[in-house]
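Please look over the sequence and the model shown here before reading the notes that follow.

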Amino acid sequence: VIYNPEIPGPRVQEARDEWRVLCSIAAKVKPELADRIQFDSTYEIRAEIAKVIPQYLGIENLKQKGDQFQWGGAMLGTQGFGFPDGKARFQRTSPPKPAPESHGKLTLSTRRGKQFNSMMFGKQDMLVGASRKEAVLAPSDMKRLKIKKGDPIRIWSSSGEMEGLALPGDIAPGTIMMYWPEANVLIPRGKVEPQSGMPAFRETYVEVASSRAS
């Protein structure tokens, strides 16, 4: 965990630090707890984290550029893994079987960011080499669907449809990669992972066809 100081420069007058916005929202949602979720600086937030999450003890000491610490100590696992013998447990798992409704369809994978919390909102994705209107498919799927590079295509699911351009890429057969939030129209609302509540961004099945005039 490393301290990143504020980058000096011009500021949009009405803009606020994101943590201040979150505190304001939390205070409106839980006004009875407003006095507990108000901070005057990011240092106060780090001090609160150290109190609430023991594993992050040391974060309260981050004050200037270069300050850092290793989460969990210099070496992870030296205190054991919570089992009587202190050893870790490994379990082999198998990929889930495709859902019945996936037969003959492609699994949609949405591209949401480049690294960490950064979202990819540029017109051109320099890492993938695609524009936001392009959908990346495996060459074998394009051949099966009689789609060529640059072809206009129609993509549809149980919840909606959209237009795009086909682009072959290094992607697993049976998968199509499209950009978020443009592809949200294809993702059924309310379909979430039961334990975390995370939207099922990679459990949507779509069909694809060339819309190129014959």
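The report below goes through domains, a helix, a strand and salt bridges in turn.

This is a predicted model, in which local features need pLDDT of at least 70 and side-chain atom pairs count only at pLDDT 80 or more, while totals for chains, interfaces and linings use all residues. Residues are numbered from 1 along each chain as its sequence is written, and side-chain values use heavy atoms, with hydrogens and water left out.

**Domains**

The domain assignment gives domain 1 (2-68) and domain 2 (106-210); such bounds come from an automatic or database domain assignment. Taken over C-alpha atoms, the centres of domain 1 and domain 2 are 35 Å apart.

**Helix H1**

Helices (H or I, at least four residues) and strands (E, at least two) are DSSP runs, numbered from the N terminus. Helix H1 covers residues 18-29, 12 residues in all. From its first C-alpha to its last, H1 reaches 17 Å, close to the 16 Å expected at 1.5 Å a residue, where the expected span is 1.5 Å times one less than the number of residues.

Trp19, Cys23 and Ala27 are the buried residues of H1. Buried means under 20% relative accessible area, exposed over 50%, and partly exposed in between, with a 1.4 Å probe and protein chains only. Seen down the axis of H1, these buried residues fall within an arc of 80 degrees, so they line one face of the helix; the arc is that of the directions from the helix axis to the C-beta atoms. An α-helix has 3.6 residues a turn, so residues three or four places apart point the same way. The buried residues of H1 pack against helix H2 (42-52), with contact meaning heavy atoms within 4.5 Å. On the face turned away from the buried side, H1 carries the exposed residues Glu18, Leu22, Lys28 and Val29.

**Strand S4**

Strand S4 spans residues 134-137. Both of its faces are covered: Glu134 and Val136 are buried on one side, and Ala135 and Leu137 are buried on the other. In a regular strand the side chains alternate between the two faces of the sheet.

Two strands pair if DSSP finds at least two bridges between them. S4 pairs with strand S6 (residues 161-168) in the parallel sense over four bridges, and in S6 the bridge partner of Glu134 is Leu165. With S7, S4 pairs in the antiparallel sense over two bridges; there Val136 stands opposite Met177.

**Salt bridges**

The structure holds six salt bridges, each a side-chain nitrogen of Lys or Arg within 4 Å of a carboxyl oxygen of Asp or Glu.

| Pair | Closest N to O distance |
|---|---|
| Arg89 and Asp85 | 3.3 Å |
| Glu182 and Arg132 | 2.8 Å |

Arg89 is partly exposed at 46% relative accessibility, and Asp85 is partly exposed with a relative accessible area of 46%.

Glu182 forms its salt bridge with Arg132. Glu182 lies in the loop between strand S7 (175-179) and strand S8 (204-210), and Arg132 in the loop between strand S3 (130-131) and S4, so the pair ties together parts that are 50 residues apart in sequence. Glu182 is partly exposed at 35%, whereas Arg132 is buried at 14%.

Arg144 and Asp141 are three residues apart in helix H3 (residues 139-144), a separation of about one helical turn. Arg144 is partly exposed at 47%, while Asp141 is buried at 5%.
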